[in-house]
Amino acid sequence: ELCAGQVDPANCGALAACLSTHARDAVVSSRLAKVLEAVGRDDAVADLLCDVCGLEHLILGLEKASAPDHVLHVVALLDRVASLEKMRARLGTKQYITILNQVCLDHMGRGPIVEHVISIFGKLCTEEGAVAIQMEANVPYTLKWALQTHSAAKRLCEKCVLNASRLVAGNDDARTGYVCEQVTPELVASLETHNGDADFVVAVLKCFGAFSLHDPSILAMVSHGVTEKVVSATERHGDHAQLLRTAVELFGNLGAAEDDDLDARCTALLLEGGAVDAIGSILDSCRARIDGDALALIGACFDALYNLANDTNAAAAVVEGGLCEACVHCARVYDACDALVVQGVKLIGVLTYDSNAVQRLSRCGAAAVLADALRSRADDHDFVYDAILGLANLVTLDENAAAFRHDTKRLDALGDVLEAHGDDEDIATFALKALVRLAADDGISKAIAELVGKVARAAPDLAEKPQTLAFELIAHLAYVPENRVALVAQG
């Protein structure tokens with residue numbers, strides 16, 4: 001090893017040939033492999049060495065190798081050359097991947113060999129063809145066995161996590177489902193074993209994040225107790241912004257299954273595991289130390305809660321956890337942070353489907369927050385939808401009329417929404433529902449009558465449902481004699 005730098009790799013071709021022909025001689029092959037690995041410890045030399053020696057001598061000799069040391073030195077050399085882009089295409093053939101996978105299985109009890117082979121597989125995943133070959137060779141099963149056998153070896157487990165993440169990077173449902181099925185129990189267990197290493201936890205959570213784009217995989221993860229492990233990690237690493245954000249984003253994905261029945265089952269397990277409470281704790285900590293990371297994390301919390309709160313029981317948990325107040329507070333205080341306000345308003349909108357949430361949101365002034373936010377972002381269609389939905393549901397409680405009684409600009413914003421987005425049946429319906437409900441308040445009725453021209457101008461082009469509401473609004477206003485002059489004057 002000390003003299004390896006004095007060996008010219010151009011003269012090593014015969015050594016590789018001998019390695020292949022004498023693979024069954026444990027002593028000779030081990031010494032030959034050791035020499036080759038030592039010579040190839042520099043990237044440039046390793047590149048030349050593999051050109052001179054030929055990968056076929058190195059890899060095919062593994063099939064007949066009787067000495068573990070022979071195997072270890074060769075896979076260590078191959079692990080190095082797999083980092084070189086031009087060598088990956090040569091290594092990523094069906095024949096070579098199949099041989100390496102079998103070597104890994106045959107030597108599963110030897111951690112260093114397994115670690116090098118898994119590392120090679122991870123590096124080869126940059127090519128779709130090599131990924132498909134790994135799936136065909138059942139590398140996910142090898143990862144599962146490696147994670148079980150070497151659960152305490154953190155570096156080896158990290159390489160398994162990386163390999164699994166790269167295998168599913170193409171968003172192929174069948175592939176993602178199979179990888180998830182194979183390694184999820186082991187990855188969940190690894191979160192407990194290596195809970196103290198924040199970077200390891202982040203890598204596993206990102207892998208789960210990739211799995212969570214496939215609905216059936218969501219159930220597999222929450223059924224194996226991923227929620228509890230992630231909650232534990234957030235408690236242990238409360239000052240690690242990346243870990244907290246990755247955890248919250250994962251909770252959001254796990255609560256967003258497209259199938260309603262599946263979503264209900266998964267959300268129940270998330271609630272049972274403490275996901276909503278964990279998000280609440282993270283929100284509280286962020287509000288105590290506001291900076292760029294904290295604002296981004298608050299936004300991620302709002303997104304996750306939005307996905308979860310579509311479920312009735314989850315919405316109740318959000319209310320009980322005091323998160324309605326936290327959401328309104330953040331949307332009011334950080335109104336200069338546009339992205340955060342958008343996410344907060346979206347969450348408030350979905351929470352207003354829950355009657356208890358409507359009461360809590362009303363007490364903390366959500367109607368005023370939504371109306372003010374709507375006034376400054378009237379051109380954003382998606383934002384307008386969320387805000388006007390929330391307002392339509394909030395003004396079912398009389399106490400929310402106060403937000404409009406002394407600020408006619410908020411009423412003007414409702415009229416502007418109708419003019420700008422009258423072609424969207426849902427938005428027009430929500431806006432008119434809000435106006436109809438507010439018109440029942442004598443203190444607001446006159447102000448609405450003075451802007452009803454916007455309603456009258458929009459009415460002929462509205463869809464049937466909002467058009468009916470428009471005439472209902474005019475009829476309500478006409479009950480008050482003082483309003484009739486304004487109604488006639490505005491056409």
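Rings of Phe, Tyr and Trp (its six-membered ring) pair if their centres lie within 6.5 Å; planes under 30 degrees apart count as stacked, over 60 as edge-to-face, and the rest as tilted. By that rule, a search of the whole structure finds three aromatic pairs. One of them joins Tyr 141 and Trp 145, a tilted pair with 6.4 Å centre to centre and 45° between the planes.

First, the ground rules. This is a predicted model, in which local features need pLDDT of at least 70 and side-chain atom pairs count only at pLDDT 80 or more, while totals for chains, interfaces and linings use all residues. Residues are numbered from 1 along each chain as its sequence is written, and side-chain values use heavy atoms, with hydrogens and water left out.

Tyr 141 and Trp 145 both sit in helix H10 (residues 139-149). Helices here are DSSP runs of H or I, at least four residues long, numbered from the N terminus. The two residues are four apart, about one turn of the helix. An α-helix has 3.6 residues a turn, so residues three or four places apart point the same way. The scale runs as follows: buried is under 20% relative accessible area, exposed is over 50%, and partly exposed is in between (1.4 Å probe, protein chains only).

Another pair is edge-to-face: Tyr 385 and Phe 430, at 5.6 Å centre to centre with 70° between the planes. This pair links distant parts of the chain, 45 residues apart. Tyr 385 comes from helix H25 (residues 381-394), and Phe 430 from helix H28 (residues 425-439). Tyr 385 counts as partly exposed because its relative accessibility is 27%. Phe 430 counts as buried, because its value is 14%.

Rings also meet charges. A charge sits over a ring if NZ of Lys or CZ of Arg is within 6 Å of the ring centre and within 35 degrees of the ring normal. Lys 346 lies over the face of Tyr 306, at 4.6 Å from the ring centre. Arg 377 lies over the face of Phe 383, at 5.6 Å from the ring centre.

Contact means heavy atoms within 4.5 Å. Leaving aside neighbours within four places in sequence, Ala 373 is in contact with Val 341, Val 345 and Phe 383. Ala 373 is in helix H24 (residues 366-376). At 5% relative accessibility, Ala 373 is buried. Its C-alpha lies 14 Å from that of Leu 347, a residue 26 places away in sequence.

Gln 134 is in H9. Is Gln 134 buried or exposed? Gln 134 counts as buried, because its relative accessibility is 0%. Not counting residues up to four places away in sequence, Gln 134 touches Ile 97, Phe 121, Leu 124, Cys 125, Val 139, Pro 140, Asn 163 and Leu 167.

Leu 167 is also among the contacts of Arg 175. Arg 175 is in helix H12 (residues 173-193). It is buried, with a relative accessible area of 13%. Its side chain makes a polar contact with the side chain of Glu 128, at 2.9 Å. A polar contact is a pair of N or O atoms within 3.5 Å; within protein, one must be able to donate a hydrogen and the other to accept it, and residues adjacent in sequence count only if both atoms are side-chain atoms.

Asn 138 lies in the loop between H9 and H10. Its phi is near 65°, a positive value in a residue other than glycine. Most residues other than glycine have a negative phi. Asn 138 is partly exposed, at 27% relative accessibility.

Helix H4 (residues 55-64) shows a sided pattern. Leu 55, Leu 58, Ile 59, Gly 61 and Leu 62 are buried there. Seen down the axis of H4, these buried residues fall within an arc of 155°, so they line one face of the helix. The arc is that of the directions from the helix axis to the C-beta atoms.

Last, confidence. pLDDT is the predictor's confidence in each residue, from 0 to 100. The chain averages 88, and 91% of the residues score at least 70. Confidence is lowest in helix H3 (residues 43-53), at a mean of 64, and highest in H10, at 98.
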